[in-house]
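Q: I've got a model open on my screen and I'd like to learn how to read it. Can you take me through a few features?
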Amino acid sequence: MTNEILESSSFRDPSGFVFYRNGQLYRQVNLVYKSNYDLFISSGLYNELNNKGLLLPHQEDDIKKAVTEDAYKIIKPLQLNIISYPYEWCFSQLKDAALLTLEIQQIALQHGMVLKDASAYNIQFYKGKPVFIDTLSFEVYKEGSPWVAYRQFCQHFLVPLVLMKYNDVRMNQLSKVFLDGIPLDFAVKQLPTKCLFNFALFSHIFMHAKSQKYFGGKQVAKSIHSMSKFQLTALIDNMQSFIVNCRWKLKDSEWGNYYSDTNYSDEAHAQKQKIVRQFLLQTSSGLVLDIGGNVGTYSRLANNLGREAVCLDIDPVAVEKNYLSVKNSDEKKLLPLIMDVTNPSPGIGWGNEERQSFFQRISADTIIALALLHHLAISNNLPFQKIAVLFRNICKYCIIEWIPKEDSQVQRLLATRQDIFTNYSKEQFEKCFNQQFDIIEKVPIEGSLRTVYLLMVKTKRN
Amino acid sequence: MDKNFCCFSVFIVFLVAVNADAYLDAGTGSYFIQILIGFVAAGLFSLKLFWKRIISFFKSIGKRNNRPK
């Protein structure tokens with residue numbers, strides 16, 4: 001009896017598919033892809049991409065693990081424990097993913113191959129850097145053929161980047177609505193006129209949209225093909241040059257200067273870090289999920305203890321700053337992501353299963369929720385019970401900060417609204433969280449009205 | 001722009017084949033426009049390569065002159 005589970009997003013490409021067996025991820029390469037796979041290995045393309053750290057490495061596994069009879073190979077890629085999606089990335093993450101895709105395309109061309117798709121979902125972040133994960137995306141290059149994935153690249157990478165730069169950085173959220181990338185005709189309506197004077201934007205987006213509109217639904221006879229390898233290389237080079245120089249200026253945001261705009265003294269901040277560090281030492285060794293982690297100060301505390309961390313924040317500016325720090329310092333254990341925890345990424349695509357919801361993808365050992373509770377309970381009217389239940393479902397330990405109503409940050413939230421939060425008290429907080437968690441320890445932060453708690457999920461009773 | 005674009009597109013139609021082997025729909029419009037852009041980009045790319053050669057030529061002369069005698 002087989003016990004494999006097919007990956008719900010792996011159905012579009014007949015070259016193969018991804019499946020899970022005993023909790024491990026495998027990829028079946030189908031016979032139909034044999035010639036492409038063999039060239040991918042024999043041409044040295046796999047080795048070059050692997051040696052440069054651009055592709056997720058894999059090992060060939062036992063063919064007996066095949067799920068269907070048309071299997072040619074079974075490969076076992078390096079196992080990733082964090083999967084993120086483009087609408088959770090900041091500007092520079094998307095930019096680096098785009099440049100990686102184009103670099104791989106150029107290298108593939110040198111080996112007589114080409115990328116047959118350019119989906120942003122083929123990129124994941126591993127050890128702080130983007131890597132290409134779809135081993136079956138390469139096909140033999142046919143002399144004269146244009147790039148089959150050109151439209152997809154523009155819609156998945158170029159358009160979101162340009163919209164983030166020229167319109168609003170939150171435009172990357174549109175990728176959540178348009179599963180196969182943001183349509184070009186939609187994009188041109190959102191871009192300012194000045195974009196027409198940039199050759200790359202004028203051609204790859206404006207003219208491209210016009211061309212799509214003109215040829216839409218038209219039957220075209222197959223005849224003599226005409227796009228030389230040099231022209232294709234030049235096309236990719238043109239997009240590379242544009243994207244390299246496409247920069248988004250960091251602007252001030254509500255949270256971007258959080259750590260210089262608090263009611264904390266330096267001493268209180270140092271003590272809070274000490275408490276969190278002590279609490280982290282009491283938890284086990286798995287993934288740390290830092291919710292509302294801003295620029296990742298506390299995620300890095302976890303990193304310094306050897307723990308891998310995912311730092312979530314609603315603010316694209318904070319996430320951008322965090323990612324640039326990760327990149328500049330070559331940090332390998334921290335992944336910053338844009339996430340509104342009150343409205344986390346849902347399941348999307350076919351049957352709402354093609355792209356999983358955030359909490360389906362993540363399994364944390366420890367949650368850090370500092371300076372967060374008042375935003376959830378007061379700004380979002382969330383009862384403590386609901387917060388406690390969500391947190392218990394996704395972690396074993398929770399390090400959470402209690403902020404009383406008298407705190408100036410809470411007063412700020414209440415300044416423009418009626419105080420309807422009669423249950424917002426330390427007693428209610430402890431009572432509600434105690435239904436889901438055991439309180440292991442609580443330590444007040446000296447020089448403030450706040451308290452940090454270490455909680456452990458109550459063991460399930462029969 | 002529309003009129004010029006149509007004329008050029010009609011011209012391109014006679015030069016180009018649409019390869020339908022791929023599992024992705026490349027889109028006819030996307031095929032045509034990238035051939036057009038590729039044509040222009042190839043010119044720019046040639047200039048870029050030529051410029052790089054000039055730079056590396058002068059750099060190599062500079063290095064040769066700076067070599068200790």
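This is a predicted model: local features need pLDDT of at least 70, side-chain atom pairs count only at pLDDT 80 or more; totals for chains, interfaces and linings use all residues.

Q: What makes two strands a pair, and how do β15(A) and β16(A) run?
A: Strands are DSSP runs of E with at least two residues, helices are runs of H or I with at least four, and both are numbered from the N terminus. Two strands pair if DSSP finds at least two bridges between them. Here strand β15 (residues 437-444) of chain A runs antiparallel to β16(A), with 7 bridges joining them. Their hairpin has 6 residues between the strands, and A:Gly447 there takes a positive phi near 80°.

Q: Which residues of β16(A) stand opposite A:Cys398 and A:Trp402?
A: A:Cys398 faces A:Leu455, and A:Trp402 faces A:Thr451. Strand β14 (residues 397-402) and strand β16 (residues 451-457), both of chain A, pair in the antiparallel sense over 6 bridges.

Q: In what order do the strands of the open sheet come?
A: Read across, the 7 strands of chain A go β12-β11-β10-β13-β14-β16-β15, with mixed pairing. β12 (334-338) and β15 of chain A are at the edges with a single partner strand each, so one side of each has no neighbour in the sheet. From one strand to the next, the twist averages 20°. Helix α15 (residues 426-434) of chain A packs on this sheet and touches β14, β15 and β16 of chain A (contact means C-beta atoms, placed from the backbone, within 7 Å). The direction of α15 makes about 145° with that of β15(A); such angles run from 0 to 180 degrees between N-to-C directions, and axes are lines fitted to C-alpha atoms, for helices over the stretch in contact.

Q: Is strand β11 of chain A buried or exposed?
A: A residue is buried if 20 or more other C-beta atoms lie within 10 Å of its own, exposed if 12 or fewer, and partly exposed in between, with C-beta atoms placed from the backbone. Strand β11 (residues 309-313) of chain A is mostly covered, with 5 of its 5 residues buried. A:Ala309, A:Cys311 and A:Asp313 lie on one side, A:Val310 and A:Leu312 on the other. Strand β10 (residues 288-291) of chain A runs parallel to β11(A), joined by 4 bridges, and A:Asp290 stands opposite A:Cys311.

Q: How do I describe two packed helices?
A: You give the angle between their axes and the distance between the axes. Helix α4 (residues 150-166) and helix α6 (residues 199-215), both of chain A, pack at about 110° with axes 12 Å apart. That makes α4(A) roughly perpendicular to α6(A) (65 to 115 degrees; under 35 is roughly parallel, over 145 roughly antiparallel, the rest oblique).

Q: Which residues of α4(A) and α6(A) meet?
A: From α4(A) come A:Cys154, A:Leu158, A:Val159 and A:Val162, and from α6(A) come A:Leu201, A:His204, A:Ile205 and A:His208.

Methods. Residues are numbered from 1 along each chain as its sequence is written. Chains are lettered from A and ligands numbered from 1 in the order in which they are written. Two residues are in contact if their C-beta atoms, placed from the backbone, lie within 7 Å.
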